[in-house]
Amino acid sequence: MPIGAPDYVAFASDVAREAGAVLMRHYRSVGVEYKGSFDTVTAADRASERLVVDRIRARFPAHSIVAEEGGGFDAGDEFTWYVDPLDGTTNFAHGLERFCVSIGLWSRSGGLAGAVFDPVRDDLFAAEVGSGAYLNSRRVRVSDVSELANGLFATGFPSSIRDTNPNLHYYHEVARCTHGVRRTGSAALDLCAVAQGHFDGFWELGLKSWDVGAGLVVLTEAGGEFFALDGGTYRPGGPGVVATNGRVTAALLDLLGDVSSGRRRTPIPSPVA
Ligand code: IPD
Ligand code: CA
Ligand code: CA
């Protein structure tokens with residue numbers, strides 16, 4: 001890092017830890033409200049977001065912020081912070097211990113820094129462009145699995161449009177061709193799990209910029225790559241993302257592309273065994 005340059009990843013990491021402490025204070029004692037038909041929103045979301053947005057506004061007043069609960073700020077597109085104050089809200093609300101704070105910084109040309117903090121495990125994934133990806137100061141790297149058949153994958157289903165989301169069709173095909181597909185309920189942690197080599201790839205349709213802003217920086221700094229569903233360029237908030245270890249990309253895009261174009265590889269079997 002050049003002398004005098006802001007240490008974005010250290011800043012994002014400190015704030016993610018602070019916000020994680022806020023989440024833990026609410027955990028299990030939280031009052032749950034329902035927003036729309038599926039979206040569970042908690043006091044924890046809002047308290048965590050308030051803290052993160054206040055910290056960013058105080059330190060980088062000329063930067064934009066896109067934050068899930070609406071606490072954003074528009075200062076143009078040169079620097080944008082993507083903030084998910086609680087990724088894995090449904091898990092959190094049900095007492096399932098897989099959720100995190102996700103804070104990513106992007107410029108017009110790409111991701112700059114990301115911090116994803118899991119306060120239950122005290123796990124901090126952090127990355128700054130050009131400096132590698134770290135889990136609690138230990139370097140992480142993607143897997144070297146090169147065939148779909150040997151890989152473990154992850155996906156998710158956006159809570160607000162689960163009933164109209166076509167992803168079950170993609171799920172069916174990928175589950176048939178691989179060691180399996182996990183749906184853990186936190187896209188940010190799923191991307192970090194690809195970065196650390198637990199998963200070999202991840203895809204999802206309809207994610208928002210705050211879901212992926214930090215995780216994609218961690219992933220690329222760990223040696224992974226990401227694309228739009230059709231293999232084109234993906235920017236946070238695009239309609240579908242495919243993120244991999246860099247070795248299964250062509251095969252996964254090919255399989256997903258078959259589903260997109262209506263070419264199923266395997267018929268759905270009869271439910272009667
Ligand atoms: C959700 C999680 C989930 C993904 C959904 C997201 P939230 O974010 O990342 O894994 O499948 O699409 O909306 O609502 O828990 O912040
Ligand atoms: Ca999210
Ligand atoms: Ca959230």
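Helices here are DSSP runs of H or I with at least four residues, numbered from the N terminus. With that settled, I opened the model, which is a predicted one.

**Entry 1: helix 5**

I began at the end of helix 5 and looked at what comes after. Helix 5 is followed by Gly-197, and the phi of this glycine is positive, near 85°. Next I asked myself: how many residues of helix 5 are buried? I found nine of its nine, so with buried meaning under 20% relative accessible area, the helix is mostly covered. The buried residues include Leu-189, Cys-192 and Ala-193, and I noted those three names for the next entry.

**Entry 2: the second largest pocket**

I then turned to the second largest pocket, whose volume is about 180 Å³. Leu-189, Cys-192 and Ala-193 turned up again here, among the residues of its lining. I also wrote down Arg-98, Asp-118, Arg-121, Asp-123, Phe-125, Leu-135, Gln-196, His-198 and Phe-199 from that lining. Strand 7 (123–128) and helix 5 (187–195) are the elements that give two or more residues to it. Which of the elements gives the most? Helix 5 does, with three residues. Sorting the lining by class, I got six nonpolar, two polar and four charged residues.

**Entry 3: helix 1**

My next stop was helix 1, residues 8–26, where I checked the length. At 1.5 Å a residue, its 19 residues should span 27 Å, and the end C-alpha atoms are 27 Å apart, so the two agree. I looked up its buried residues as well: Tyr-8, Val-9, Phe-11, Ala-12, Ser-13, Val-15, Ala-16, Ala-19, Gly-20, Val-22 and Leu-23. A reminder to myself: an α-helix has 3.6 residues a turn, so residues three or four places apart point the same way. What covers the buried residues of helix 1? The cover includes helix 2 (43–59) and helix 3 (89–93), along with strand 4 (79–87), strand 5 (100–107), strand 6 (110–118) and strand 7.

**Entry 4: the calcium ions**

Last, I went to the calcium ion that is ligand 2. Asp-84, Asp-87 and Asp-211 coordinate this ion through OD atoms, at 2.1 to 2.2 Å. Along the chain, the donors follow the spacing D-x2-D-x123-D. I also looked at the calcium ion that is ligand 3: the two ions are 3.7 Å apart, and Asp-84 coordinates both.

Are Asp-84 and Asp-87 buried or exposed? Asp-84 has a relative accessible area of 1%, so I put it down as buried. For Asp-87 the value is 6%, so this residue is buried too.

Notes:
Residues numbered from 1 in each chain as written. Chains lettered and ligands numbered in written order. Predicted model: local features only at pLDDT ≥ 70, side-chain atom pairs only at ≥ 80, totals over all residues. Heavy atoms only, no water. 1 Å grid on protein atoms, 1.4 Å probe; cavity = no way out; pocket = protein on both sides within 12 Å on 5 of 7 lines; lining within 4 Å. Points joined across faces, edges and corners; volume = space filled by probe spheres on them. Nonpolar A, V, L, I, M, F, W, Y, C, P; charged D, E, K, R; others polar. Expected span 1.5 Å × (residues − 1). Buried < 20%, exposed > 50% of the residue type's maximum accessible area, 1.4 Å probe, protein only. Contact = heavy atoms within 4.5 Å. Donors = N, O, S within 2.8 Å, 3.2 Å for Na, K, Ca; no water.
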